[in-house]
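The following note sets out several points on the structure shown below.

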Amino acid sequence: MSEEDPTPNIVATVNEIPVETRSKPAPVAEGIFKDEPEPVKEEPKNSVDTEEELKKTLDVNQRLDFSIDEMYAYLSCAAERRKSRPPYTEEMWESLRKIYTEFAEKDEKKGSSVYNDEHVHFPIESYRTDSHGRSIRATRDIAQGELVFKDTRNTVVFTDAHSYRGYLYAIKEDTTFNDPGAACDLLKYSWAQKRVGTEEYVVMLNLDDGALMIDDDEDMNVKCDAVCDAYYATEDIKKGEEIVCNENHLIESGSWKKVPNAVKLLP
């Protein structure tokens with residue numbers, strides 16, 4: 001993973017992925033149901049203390065230019081990881097999309113938009129695994145070659161990093177939303193890429209279960225299309241099986257630095 005990528009679990013590119021299949025059967029995902037809360041993580045106390053010390057030095061008037069480390073501190077991400085937080089449900093995603101819509105209407109930069117107007121129901125759902133936390137699994141049997149997930153109106157494209165930061169802060173500040181730690185998750189789930197058909201670099205963020213897709217070279221069972229905005233099954237997937245992609249080889253070095261006003265995003 002590139003040292004320049006602040007979100008090591010989520011990567012995207014415009015390059016085509018070769019067709020790949022696995023010779024071994026995909027493992028059936030183990031875990032507990034998605035309506036159970038996530039357990040408290042053992043975040044070292046010294047990381048929380050360090051975060052608090054950094055927070056004291058921050059100038060909130062400059063927050064739209066914060067680096068990744070400064071954003072984590074401002075959002076209290078180390079402290080949030082020590083809490084037992086609710087799972088991601090459709091109601092929670094809907095709230096996050098509502099916060100985005102309200103933010104976008106007020107955003108003076110006008111530095112974001114939804115990917116398209118499509119609304120599609122996909123055969124996936126979020127759940128928590130015992131091994132690596134949140135993920136997604138199939139809600140029914142999926143045939144090889146079938147569409148599993150794609151970018152839709154639930155996908156936000158940020159053309160300016162000021163707007164990207166502003167939306168994450170809006171989540172933290174929304175008094176009607178009960179999980180400010182979601183802003184820390186979305187900071188991790190975001191990725192930067194060149195916009196298809198242009199030389200423009202943008203930050204992408206899925207505000208639905210697609211954000212939770214796990215990346216694993218060995219256990220992949222979906223691949224994305226030529227522009228990586230749709231994922232198809234590389235083999236037959238059984239109901240309840242974890243959905244896993246492989247995008248590690250698609251990192252374009254320096255993408256984050258090429259997004260307008262993202263110069264301080266990376267340490």
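**Notes on the predicted model**

1. Leaving aside residues up to four places away in sequence, Ile243 touches Ile124, Ser135, Ile136, Arg137, Ala138, Ile142, Val148, Met213, Ile214, Asn221, Val222 and Ile237. The coordinates under discussion are those of a predicted model.

2. Ile243 also belongs to the largest nonpolar core, which has 59 residues. The residues with the most contacts inside this core are Leu96, Tyr167, Ile171, Leu186 and Ile243. Helix H5, residues 161-173, provides the largest share of the core, namely seven residues.

3. Tyr167 lies in helix H5. Is Tyr167 buried or exposed? Its relative accessible area is 0%, so Tyr167 is buried, the cut-off being under 20%. Apart from residues up to four places away in sequence, Tyr167 touches Leu96, Ile99, Tyr100, Phe103, Phe158, Leu186, Leu205 and Leu207. Leu96 and Leu186, both in that list, are also among the residues with the most contacts inside the largest nonpolar core. The C-alpha atoms of Tyr167 and Ser112 are 9.7 Å apart in space, while the two residues are 55 apart in sequence.

4. Helix H6 covers residues 182-189 and includes Leu187. Why may H6 be described as largely enclosed by the rest of the structure? The reason is that seven of its eight residues are buried. The buried residues of H6 are Ala182, Ala183, Cys184, Asp185, Leu186, Leu187 and Tyr189. Leu187 has a relative accessibility of 1% and therefore counts as buried.

5. Of the 21 residues in its lining, Glu90, His121, Phe122, Ile124 and Asp209 are the closest to the centre. Two or more lining residues come from each of helix H4 (90-106) and strand E3 (124-129). The lining comprises six nonpolar, seven polar and eight charged residues. Ile124, one of the residues closest to the pocket centre, is also touched by Ile243.

6. Ser76 has a positive phi of about 55 degrees, and Lys110 has a positive phi of about 50 degrees. Ser76 is in the loop between helix H2 (68-74) and helix H3 (77-80), whereas Lys110 is in the loop between H4 and strand E2 (112-114).

7. Some totals complete the description. The protein chain contains six helices and twelve strands. Of its 267 residues, 53% are buried. Among contacts between residues at least 6 apart in sequence, 77% join residues at least 24 apart. The chain exposes about 13000 Å², of which carbon and sulfur atoms supply 49%.

Methods: Residues numbered from 1 in each chain as written. Predicted model: local features only at pLDDT ≥ 70, side-chain atom pairs only at ≥ 80, totals over all residues. Heavy atoms only, no water. Helix = DSSP H or I, 4+ residues; strand = E, 2+ residues; numbered from the N terminus. Buried < 20%, exposed > 50% of the residue type's maximum accessible area, 1.4 Å probe, protein only. Contact = heavy atoms within 4.5 Å. Areas by Shrake-Rupley, 256 points an atom, 1.4 Å probe, with all protein chains shown as cover. 1 Å grid on protein atoms, 1.4 Å probe; cavity = no way out; pocket = protein on both sides within 12 Å on 5 of 7 lines; lining within 4 Å. Nonpolar A, V, L, I, M, F, W, Y, C, P; charged D, E, K, R; others polar. Core = buried A, V, L, I, M, F, W, Y, C linked by side-chain atoms within 4.5 Å.
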